[in-house]
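Please read this briefing alongside the sequence and the coordinates. It moves from the overall fold to particular side chains.

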Amino acid sequence: MDALKTDPLHAYILRTVSDGVIIADSDGIVQRVNPDAAAMMAVTVEQVRGKPAVQVFAKNSSLVSLFRRTEDFTAHIRLPHQRFGFGIASTCDGSRLVIIQDVTDKRELESRREALSQTLA
């Protein structure tokens, strides 16, 4: 399967998946970025597409590490606007696929649950 394929199914998946998806080619150039990834990173698709991932995301070392590695890799990512993400990266057909999930709400809920448990203990 070609990771950069642009058939309607792939385009639909990129557009509708709730996680952020960024695909860079074997040279590290961002080829695809879905709207959720752009929103999470506070950029536009146009600002990212066609540019080196390590350059575009240079201020986010955790995100850059997802693109620089060649093996499957996960990392906690600090997102803009005091949000937190969890990223996973894999290489497919020479392209680097990075998926980012915003886990801010989950972290806050876990923190509140822990505080409540300590209060009740």
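The points below describe the chain as a whole and then selected local features.

This is a predicted model, in which local features need pLDDT of at least 70 and side-chain atom pairs count only at pLDDT 80 or more, while totals for chains, interfaces and linings use all residues. Residues are numbered from 1 along each chain as its sequence is written, and side-chain values use heavy atoms, with hydrogens and water left out.

**Overall fold**

- The chain has six helices and five strands, where helices (H or I, at least four residues) and strands (E, at least two) are DSSP runs numbered from the N terminus.
- Following the sequence, these elements are arranged in the pattern α-β-β-α-α-α-α-β-β-β-α, and the C-alpha trace spans about 55 × 30 × 25 Å along its principal axes.
- Of the 121 residues, 32% count as buried, a term that means under 20% relative accessible area, with exposed being over 50% and partly exposed in between (1.4 Å probe, protein chains only).
- Among contacts with a separation of 6 or more, 30% come from residues 24 or more positions apart, a contact being heavy atoms within 4.5 Å.

- The structure holds one aromatic pair, formed by Phe57 and Phe67, which is stacked at 6.1 Å centre to centre with 10 degrees between the planes.
- Rings of Phe, Tyr and Trp (its six-membered ring) pair if their centres lie within 6.5 Å, and planes under 30 degrees apart count as stacked, over 60 as edge-to-face and the rest as tilted.

**Charged side chains**

- Arg107 lies over the face of Phe84, at 3.9 Å from the ring centre; a charge sits over a ring if NZ of Lys or CZ of Arg is within 6 Å of the ring centre and within 35 degrees of the ring normal.
- Asp25 is placed in the loop between E1 and strand E2 (30–33), and Asp25 counts as buried because its relative accessibility is 18%.
- The C-alpha atoms of Asp25 and Ser95 are separated by 4.4 Å, although these residues are 70 residues apart along the chain.
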